[in-house]
Amino acid sequence: MPSATPVDDGWKTAPFAEPLAEEARRLIARLDPRQRLWLSGFLAGTFVPASADASPVAKPTTPPVTVLYGSQSGNAEGIAKRLVETLQRHDIPAVLLDMIDCRQQQLAAAHTLLVVVSTQGEGDPPDRALGFWELLNSRKAPRLAHVKFAVLGLGDSSYAKFCETGRQIDARLEALGAQRLHPRVDCDVDFEVPASGWIEAVLGKLPRAQGAAASVVSGANAEQSPVRVATAYTRKNPFHAEVLVNQRLTVTGSTKDVRHIELALGDSGIRYEPGDAIGIVPRNDAGGVQALLEALPYSADASVEFEQGAMPLARVLQERVDIGLVDRALVERYAAAVEASSLRELIASADEAQLRAWMQGRELIDLVREHPPVGLDVTSFAKLLRPLAQRLYSIASSLHATPDEAHLTVGVIEYRARGGERRGVVSGFLASLTDEGATVPIYLHRNAGFRLPAPDVPIIMIGPGTGVAPFRAFVAERAATGARGRNWLFFGDRCFETDFLYQADWLEWRAQGVLTRIDVAFSRDQDRKIYVQDRLRENGADVWKWLNDGAYVYVCGDAQRMAPDVHATLLEIARRHGSYSEEQAIEYLAQLQRERRYQRDVY
């Protein structure tokens, strides 16, 4: 007889003969909490008694809606969870499913499939969506003629392959025979309003949802929508945190300006966990806004019409739109809208490499000066521009160690272009906040996919450059709470003397025994460049031993080169020290991801 489970007490009155009850007990005892929740929702939504006096034989009703999400930073997951809550409020049974947990049988069993998925970088799916992506595009993908579906894509239009993952999943589901319940919606960085509209439209097309869509708030009131972040402060309603410390971490001689910024949370009620991020509500530099206004044929107080109401152009340029570096999508929109034949010819004739070279270092003001918006009214001009994107910075502190504060590690983006020195919009803004009493508008962004394990579990942290920020929070948390798990940090940067971020903290924690190991890689301190993946490889036998001891692996930082190189090195370690084949090593890392023992926060 298996050991008791939380459901055992109910078996005394279960309507099963003992042999069948024993089989059911054995099955349920093997399921983890997530699997039990899915099974209970599936059964509750699929079978109900025919009537109070009817035969005990169940009769099928509408199967539950499957809400499937693929999320990297947590936005898609947050929308998916709000969608499930909305469906359940309207008595529509729903099952929430992370793409990493979706198998062929679950996909084939779906009847209504609502997909929320983000796109990373140049058209890539999120880490935890890779297995689903491969299944969907393989020969093992089931025919889905019985499925109705709708897709919501999240992305950033500054990338050439905007919402590419959502687009391809939408097309592939259709190719597999599924019927589109509602057209795909692609959301830019300002996703709240279009996401709410998509939810409203989908609700209106589901059984038993007729009339329910009216209760979903959208448009100007989207701050109360189902996708609203469940905290007191949001991007639309930020908390103005006082800047307590704005200290340069890199020293004289460094090629980079990295800041340690401490923010006072005061009575905001913001309570974060290690792994969470602080969202900065962007504001464009006042000098840059003024220079752009002088280059434009509109007055600063010209009225720009939005769905939410009118706003003066000066405020739009400072708070609402991105006036920094241009991208291909903006150049194409601008060329189509203004009387600039030379710009249209450039778009038509240049290949990708040529256009990328032309855009290098070019900001909106350069585009406006070279090709004035002749014949374009002020509202049409403003609507060509990208929304000013939120910026998320991993929190580098623990509330247990520094109550009522949040620390950030900010790499200031600096470059020279068109004869002048320029800075990144948000990093430059943060770097400038040095006056006493300066404040910055912030909100909490929870990252449930980047969390510490139990206090006694060992962790391996890989974070070069500013990617080390969340690991300062991890170690501070474990030090403050007395966690007994071992902690191993891999850190890398350019030079030991100038770029060893938080060196004093790491050395103090190592002296205290909190930081078990630290291995560093400074790429420019010798002729041959050395990176964190090289240190991983050198210590492969010990890394493998830690993994066999149940260690969790965390990676934070550059998504384009560092993260793939680290992933390839982990595969190499599994092959060399675990004697795995290539396929076995791939499956091993995939299983670590499914168990949340391999977590990445890359950008």
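I took two rings of Phe, Tyr or Trp (its six-membered ring) to pair if their centres lie within 6.5 Å, with planes under 30 degrees apart counted as stacked, over 60 as edge-to-face and the rest as tilted. I worked on a predicted model, in which local features need pLDDT of at least 70, side-chain atom pairs count only at pLDDT 80 or more, and totals for chains, interfaces and linings use all residues. Residues are numbered from 1 along each chain as its sequence is written, and side-chain values use heavy atoms, without hydrogens and water.

**Aromatic rings.** I found that ring pairs join Phe450, Phe471, Phe474, Tyr552 and Tyr554 into a cluster. My count by the pairing rule was 19 aromatic pairs. I looked up Phe496 and Phe500: their ring centres are 5.7 Å apart and their planes stand at 55°, so this pair is tilted.

**Charges over rings.** I counted a charge as over a ring if NZ of Lys or CZ of Arg is within 6 Å of the ring centre and within 35 degrees of the ring normal. I noted Arg362 over the face of Trp358, 4.0 Å from the ring centre. I also noted the charged end of Arg486 over the ring of Trp546, 4.3 Å from its centre.

**Nonpolar cores.** I defined a core as a set of buried (under 20% relative accessible area, 1.4 Å probe, protein chains only) Ala, Val, Leu, Ile, Met, Phe, Trp, Tyr and Cys residues joined through side-chain atoms within 4.5 Å. I found 37 residues in the largest core, where Leu313, Leu317 and Phe381 have the most contacts. I recorded another core apart from it, of 27 residues, including Val258 and Phe471.

Conventions:
Buried < 20%, exposed > 50% of the residue type's maximum accessible area, 1.4 Å probe, protein only.
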